[in-house]
Amino acid sequence: MAWTDEGTTPMNGHGRSDGPIVPKKCANKALGAPDVAECMEGRGPVKGNLVWQNRERTQSRGNLQQALDRIRQAAEKDKEVRFTALWHHVYSEETLEQAYYGVKRDAGAGVDGETWKTYGEDLEGNLRDLSGRLKRGAYRARPVRRAYVPKRDGRQRPIGVPSLEDKVVQRATVQVLNAIYETMFKGFSYGFRPGRGAHDALDALSVGLERRKVNWVLDADIRGFFDTIDHEWMVKFVEHRIADHRVVRHIKKWLKAGVMEKGQWSGSETGTPQGGSISPLLANIYLHYVLDLWVAQWRRKQAKGEVILVRYADDFVVGFQYKQDAERFLEQLRSRLEQFGLHLHSEKTRLIEFGRYAEQDRNKRGYRKPETFEFLGFTHICSQNRKGKFCVLRQTSRKRMIAKLHEIKAQLKLWMHARVGAVGEWLNRVVAGYYRYFAVPRNLHALITFRQAVLRLWRQVLRRRSQKRPLSWKEHCDINGRWIPRPRVMHPYPGQRLRV
């Protein structure tokens with residue numbers, strides 16, 4: 001049975017009356033907002049839908065935010081409720097407009113060749129047409145354009161570049177679904193979530209290693225995660241909370257859209273292409289059910305000592321108090337992931353002795369210093385602060401630094417005869433961006449090393465510009481001082497960030 005929002009007669013899914021007139025169902029209350037009922041387009045809201053809308057389909061930004069707040073409150077109130085009326089929030093022109101302005105303006109075009117700029121030349125008309133196609137079910141997902149980006153190990157990482165309209169619709173869908181899933185996701189999940197970033201994950205890991213009883217660390221990585229996601233399981237996980245068949249149908253469209261490479265289309269039976277706005281959310285949903293809920297239950301029921309977990313997308317680190325827990329967890333983790341078509345990377349998954357007593361215990365057994373592990377571009381090392389207390393030293397990964405320097409060197413060769421000011425402005429942006437990520441406490445020495453390497457590369461290029469007169473050291477210092485910023489710590493200590 002469904003309910004109409006205009007009258008008080010219960011209706012079935014085909015618009016026919018099912019019985020006598022009954023009182024109209026009350027609306028859910030929103031914080032700071034009047035009682036408002038939310039309806040579905042085309043038919044009355046299904047019984048059990050806690051988020052209704054009693055207003056025009058065209059939404060203002062304020063009304064959209066109010067609707068998302070009500071969805072969020074309903075999801076928090078009832079962890080088992082399934083949402084049946086969400087799609088009209090997605091195809092609203094205002095939602096699509098916000099999503100359009102959230103798309104990267106310089107991103108590559110998809111198979112349709114449409115760019116952010118060309119689409120915006122008639123933005124109002126294009127969004128009106130897109131909204132209409134989404135509303136009546138005429139929207140079709142396009143295959144993604146295959147592109148490759150270099151990886152740190154020299155291999156190529158395949159990514160998918162969706163068409164612009166797919167980017168817009170996916171971003172609008174993510175905005176609506178985030179209101180539900182952000183109330184579900186675990187606190188130790190940090191990747192691709194609003195208000196969270198890599199430094200939050202890094203700081204949480206550091207605080208956990210320093211303040212909890214951690215003696216063993218499992219540095220884990222899932223092999224080819226985005227390419228091996230099982231579509232059938234993915235849809236089942238989404239349907240745990242989403243009962244709006246239109247949302248589920250469009251997610252299936254994006255999963256099955258396929259890939260266009262060199263003019264040839266190929267279908268995709270597994271995986272979700274990296275590059276789309278919907279892929280990070282789908283990845284978090286998949287790992288929430290496959291990994292996060294299972295780890296939380298395992299820690300509560302099977303662990304003998306303390307266990308910490310920090311996950312950023314498919315990279316995660318687990319800390320254990322006892323080695324027996326760590327070994328048992330790793331064995332069961334492999335079995336758990338294989339049930340859902342996932343496998344741990346044999347070379348990147350390691351169990352190491354790491355913690356406040358690791359160096360002392362290894363010295364007693366005649367071993368060298370504790371091993372290190374890498375997470376989110378930083379090498380984590382057992383160290384001590386000035387007071388002699390254990391701390392986690394985070395230094396820029398050597399592989400990451402070398403890869404960045406190779407990238408800068410290749411670009412400088414292309415710009416060898418460009419104007420010095422133009423090259424200096426570009427290097428200023430590159431180095432400043434590098435600092436913004438890697439300028440964490442106790443990593444200043446690595447930043448100085450990086451700056452000196454950049455200076456040497458630029459000096460080599462400047463000296464090769466002409467054979468008549470070599471660049472003097474004073475001229476070189478003047479140029480460097482003007483364009484290349486000096487490093488400084490730009491992030492607080494982990495404990496300070498988490499306290500805030």
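This is a predicted model: local features need pLDDT of at least 70, side-chain atom pairs count only at pLDDT 80 or more; totals for chains, interfaces and linings use all residues.

Trainee: Why are helix 3 and helix 6 called roughly perpendicular to each other?

Mentor: The axes of helix 3 (residues 93–102) and helix 6 (residues 164–181) cross at roughly 115 degrees. Angles of 65 to 115 degrees count as roughly perpendicular, and therefore the term applies to helix 3 and helix 6. Their axes come within 8 Å, and the crossing is right-handed.

Trainee: Which residues make the contact between helix 3 and helix 6?

Mentor: Helix 3 contributes Thr95, Leu96, Gln98, Ala99, Tyr100 and Gly102, while helix 6 contributes Leu164, Val168, Arg171, Ala172 and Gln175. Contact here means heavy atoms within 4.5 Å.

Trainee: How do the residues of this contact divide into nonpolar, polar and charged?

Mentor: The contact of helix 3 with helix 6 has 6 nonpolar, 4 polar and 1 charged residue. Arg counts as charged, whereas Gly is placed among the polar residues and Tyr among the nonpolar ones.

Trainee: What makes strand 8 and strand 10 edge strands of their sheet?

Mentor: That open sheet has 4 strands in the order 8-9-5-10, with antiparallel pairing. Strand 8 (307–312) and strand 10 (350–353) each have a single partner strand, so one side of each lacks a neighbour in the sheet. Neighbouring strands are turned against each other by 15 degrees on average, direction ignored.

Trainee: How do you know that strand 5 and strand 10 pair?

Mentor: Pairing requires at least two bridges, and 4 bridges join strand 5 (residues 216–221) to strand 10. The two strands run antiparallel, and Trp216 stands opposite Glu353 in strand 10.

Trainee: Which helices pack on this sheet, and at what angles to strand 8?

Mentor: Helix 7 touches strand 5, strand 8 and strand 9 (315–320), and its direction makes about 165 degrees with that of strand 8. Helix 11 (residues 278–301) touches strand 8 and strand 9, at about 175 degrees to strand 8. Angles over 145 degrees count as roughly antiparallel, so both values fall under that term.

Notes. Residues are numbered from 1 along each chain as its sequence is written. Side-chain values use heavy atoms; hydrogens and water are left out. Axes are lines fitted to C-alpha atoms, for helices over the stretch in contact, and angles run from 0 to 180 degrees between N-to-C directions. Angles under 35 degrees count as roughly parallel, over 145 as roughly antiparallel, 65 to 115 as roughly perpendicular and the rest as oblique. A crossing is left-handed if the near helix is turned anticlockwise from the far one by less than a right angle, and right-handed if clockwise.
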